[in-house]
Structures are given as C-alpha cells and as structure tokens.
Amino acid sequence: MLQATFCLQPAGDTLTRKGLYESVFTGCIPVVFREDKAFLQQLAFSRYIPYKKMWVYIPARLVEAGEAHVTSLLRRVPESRIRSIRRHLRRRG
C-alpha cells in the first residue's frame, strides 16, 4: 500500500471499509465503485472532508457488466489528476 498508486475499495459488509481510511493515511489513492448519497454520508466527517477529490470513482455497474476494465481505466488517469488527488490526501491523511 505504501508504494502503490491506487488501492481498490470493493464493497464490504458495510458501506464503508477501514481499507478506505488506510488508503488515505498511506497516500494510496482509493478507487471506489460507488459514490451515491448513502455511501458518502457513511464516511467519517463527510460534511467537512472533500472525499470526492481524494479518490477515483469507477461505477460498479460498468465493471460488473464487463463494460469497464479497472486496470485500463486507471492507466489512463492523467498524472496531473494523480498529483492533485495526492495533494488532497496529504492535507487530510
């Protein structure tokens, strides 16, 4: 996790997982597969922390339908976006 650029955050037993927070603290960009209101409201301090600026979102329905390939999409994330996300992670992590 310390050397990875992206950390996948698949669904778990609850809407949020400790792995998401571990990613933030280690500077590994979380890759989330949902971004709906219920998910966002479950995040710690979601009213104050701009989580959407701290991750990459890939809709689960596209992955499940075979319409999106995670590694291909992540390879196309611009370096400028990676730097921006990491700046947000450093501020909050």
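Biologist: Over how many bridges do β1 and β2 pair?
Modeller: Happy to start there, with a word on the source: this is a predicted model in which local features need pLDDT of at least 70 and side-chain atom pairs count only at pLDDT 80 or more, while totals for chains, interfaces and linings use all residues. Residues are numbered from 1 along each chain as its sequence is written, and side-chain values use heavy atoms, with hydrogens and water left out. Strands are DSSP runs of E with at least two residues, helices are runs of H or I with at least four, and both are numbered from the N terminus; two strands pair if DSSP finds at least two bridges between them. In β2, C7 has P30 as its bridge partner and Q9 has V32, and the parallel pairing of β1 with β2 runs over four bridges.

Biologist: And which residue of β3 is the bridge partner of V32?
Modeller: β2 also pairs with β3 in the parallel sense, over two bridges. Within β3, the bridge partner of V32 is Y57.

Biologist: Which strands stand at the edges of the sheet?
Modeller: The sheet is open and has three strands in the order β1-β2-β3. Two of them have a single partner strand each, so one side of each is left without a neighbour in the sheet. These edge strands are β1 and β3.

Biologist: At what angle does α5 run to β2?
Modeller: Helix α5 (residues 79-92) lies across β1, β2 and β3. Axes here are lines fitted to C-alpha atoms, for helices over the stretch in contact (heavy atoms within 4.5 Å), and angles run from 0 to 180 degrees between N-to-C directions.

Biologist: Within what arc do the buried residues of α5 fall?
Modeller: The buried residues of α5 are I82, I85, H88 and L89. Seen down the axis, they line one face of the helix, because the directions from the axis to their C-beta atoms stay within an arc of 125°.

Biologist: Which exposed residues does α5 carry on the face turned away from its buried side?
Modeller: On the buried side, the cover includes β1 (6-9), α1, β2 (29-32) and β3 (56-57). The face turned away carries the exposed residues R90 and R91.

Biologist: Which residues does V24 touch, leaving out those up to four places away in sequence?
Modeller: V24 lies in helix α1 and is buried, with a relative accessible area of 9%. With that sequence cut-off, the residues V24 touches are P30, M54, L89 and G93.

Biologist: How far apart are the N and O atoms in the salt bridge of K18 and E22?
Modeller: A salt bridge is a side-chain nitrogen of Lys or Arg within 4 Å of a carboxyl oxygen of Asp or Glu, and a search of the whole structure finds two. Being four residues apart in helix α1 (residues 18-26), K18 and E22 are separated by about one helical turn. K18 counts as exposed at 63% relative accessibility, and E22 as partly exposed at 32%. From N to O, their salt bridge spans 3.5 Å.

Biologist: What separates the closest N and O atoms of D36 and R34?
Modeller: D36 counts as partly exposed at 30% relative accessibility, and R34 also counts as partly exposed, at 33%. Their side chains form a salt bridge, and its closest N and O atoms are apart by 2.7 Å.

Biologist: What is the phi of F45?
Modeller: F45 lies in the loop between α2 (37-42) and β3, where it is exposed with a relative accessible area of 61%. Although F45 is not a glycine, its phi is positive, at about 55°.

How values were computed
Buried means under 20% relative accessible area, exposed over 50%, partly exposed in between (1.4 Å probe, protein chains only). The expected span of a helix is 1.5 Å times one less than its number of residues.
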